[in-house]
Amino acid sequence: MTRSDATPAPAAGTQPEEADRLRSLLRDPAYQRTLAFSAVVGVPVSLAAFWFLAGLHELEHLLWVGLPADLGWSTPPWWWPLPLLAVSGLLVGLVVSRTRGAGGHIPASGLHTGGMSPAALPGVVLAAAASLPLGATLGPEAPLIALGGGLALFFRDLIRTPVTAQGTALVGAAGAAAALSAIFGNPLIGAVILIEVAGVGGPQLFAVMLPALLSSGIGSLVFTGFGRWTGLSTGSLSMTVGVPFPRLDAGDVLWSVLMAVALATAVHLVLSMGRRAAVFVAGGPVLHTALCALGASACAAVYTLAVGRSPADVASSGEAVLQRLAADPHAWGVGALVAVLLCKAVAYALCLGSLRGGPVFPSLFLGAAVGVLLAPLPGLGVVPGMAAGMAAATAAALRLPVSSVLLVVLVLGSGAMIPVAILAAVVGFVTVELLPPGRAVPPVGRPAGLPAARPAATWEDDGAEPEPGPASGRPR
């Protein structure tokens, strides 16, 4: 690199000034009170998140396991999703059109922290309860972000803490992170997701992070492979886990990259369909939401009629199905995998634009199913295929590459597949960012054609609550 191409060096005294600014912030009594409040508010928020998730799980189990068993069926019949999702669509449409906050943000807009407010909490809870247990192909993470952030702001208002834009952002993020840890069972992933979702650092964060992430993944592959070839060891700060994971080779790397490009393109198409569904729903929240929900239920019914498996494979978040797929991937034939991929992808798109929930778990399942389907390719194993598929699909759906890698590690329970997960996540993220953006999702609770909400508030705003904004602050 020539000197003219090099990045200009920081001005003298920049680092000391930044360090002084950080020390001043940490000594600020207002910031110290915010830290103390964040520690305290994590207790009620976590308890609320636990009971919220437990209630959703019990209701889902009752509707999809208990009630069919009481009626004499070992698995729900093919028509079972039709009445449940029809009711779901009607209820969600009523919540969207008649409550403040419109039941939370539209899942097709991605994860974001905008629009969290105590006034929106009843609508968020009602819309999630009407969507997730009744068969929406969505996860609970988006309602949890809104629930955690809204509760944190509610408690802030309850003790009459002064309201500032910066304090609102900090307290809301703390509450959302506490709620996310309840679903992922890991406090680190909640914090990392919130960092990426909030877009801390803006586009510069991703511009710096992607090369570092990609280089570290390739470096790990080269370092591990060279050590195995020479038989030498340099020592490392790691522990050996007693779980048999395959060794990565060139075939795993090559197929992971190709799979990531294909998966990111397919996920981009699914998200585009979801945004079109959101535009359709905005023209008539109650009727059009019910029609989209019925379309999703028809996908589950067609799947069951085609392969004879439970419609819950399609009409669910995919968390339980993912566990069964990972436990016995060979139990799924090629026909069943192709059918569940096609039907769940269409149902996912329809639910993204109409019902309320999050995009994480269905994308994880779709990526894992693609990995299992392509595992027989020469040089590709089942576990590397699942890891690469999940990382690519999640990074493309969420546009959060670091969080996607951490989610894959969390799901697999091992870091053995981190190199291919990093490669797939970076390739998937870059691919979907380079594809043409789809149409914008209309603001919730506002019919298409009306003026959009103002952009999300920044810390320099006047302290007003932020409006819903796009994921990671990057409109698509």
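Buried means under 20% relative accessible area. Keep that cut-off in mind on this tour of a predicted model.

**Whole chain**

Start by showing the protein chain as a cartoon. It holds 16 helices and zero strands. Colour by burial next: buried residues make up 47% of the 476 residues. The accessible surface comes to about 22,100 Å², and carbon and sulfur atoms own 68% of it. Contacts tell you how the chain folds back on itself. Among those with a separation of 6 or more, 79% join residues 24 or more positions apart.

**Helix H3**

Select residues 81–98. This is helix H3, with 18 residues. From its first C-alpha to its last, H3 reaches 25 Å, close to the 26 Å expected at 1.5 Å a residue. Which residues of H3 are buried? Pick out Pro-81, Leu-84, Leu-85, Ser-88, Gly-89, Val-92, Gly-93, Val-95 and Val-96. Then turn the view to look down the axis of H3. The buried residues fall within an arc of 165 degrees, so they line one face of the helix.

What covers that buried set?

**The largest nonpolar core**

Hide the surface and go inside. The largest nonpolar core has 114 residues. Select Phe-184 and Ile-193, which touch the most other members. Then select residues 334–354, helix H12. H12 gives the most to this core, with 12 residues.

Return to Ile-193 and zoom in. Setting aside neighbours within four places in sequence, what is Ile-193 in contact with? Show Leu-111, Leu-180, Phe-184, Leu-400 and Ser-403.

**The cysteines**

Last stop: the sulfur atoms. A search of the whole structure finds zero disulfides. A disulfide here needs the two sulfur atoms within 2.5 Å. Is Cys-343 buried or exposed? Cys-343 counts as buried because its relative accessibility is 12%, and the cut-off is under 20%.

Conventions:
Residues are numbered from 1 along each chain as its sequence is written. This is a predicted model: local features need pLDDT of at least 70, side-chain atom pairs count only at pLDDT 80 or more; totals for chains, interfaces and linings use all residues. Side-chain values use heavy atoms; hydrogens and water are left out. A nonpolar core is a set of buried Ala, Val, Leu, Ile, Met, Phe, Trp, Tyr and Cys residues joined through side-chain atoms within 4.5 Å. Buried means under 20% relative accessible area, exposed over 50%, partly exposed in between (1.4 Å probe, protein chains only). Helices (H or I, at least four residues) and strands (E, at least two) are DSSP runs, numbered from the N terminus. Contact means heavy atoms within 4.5 Å. Accessible areas come from the Shrake-Rupley method with a 1.4 Å probe; for residues, only the protein chains shown count as cover. The expected span of a helix is 1.5 Å times one less than its number of residues. The arc is that of the directions from the helix axis to the C-beta atoms.
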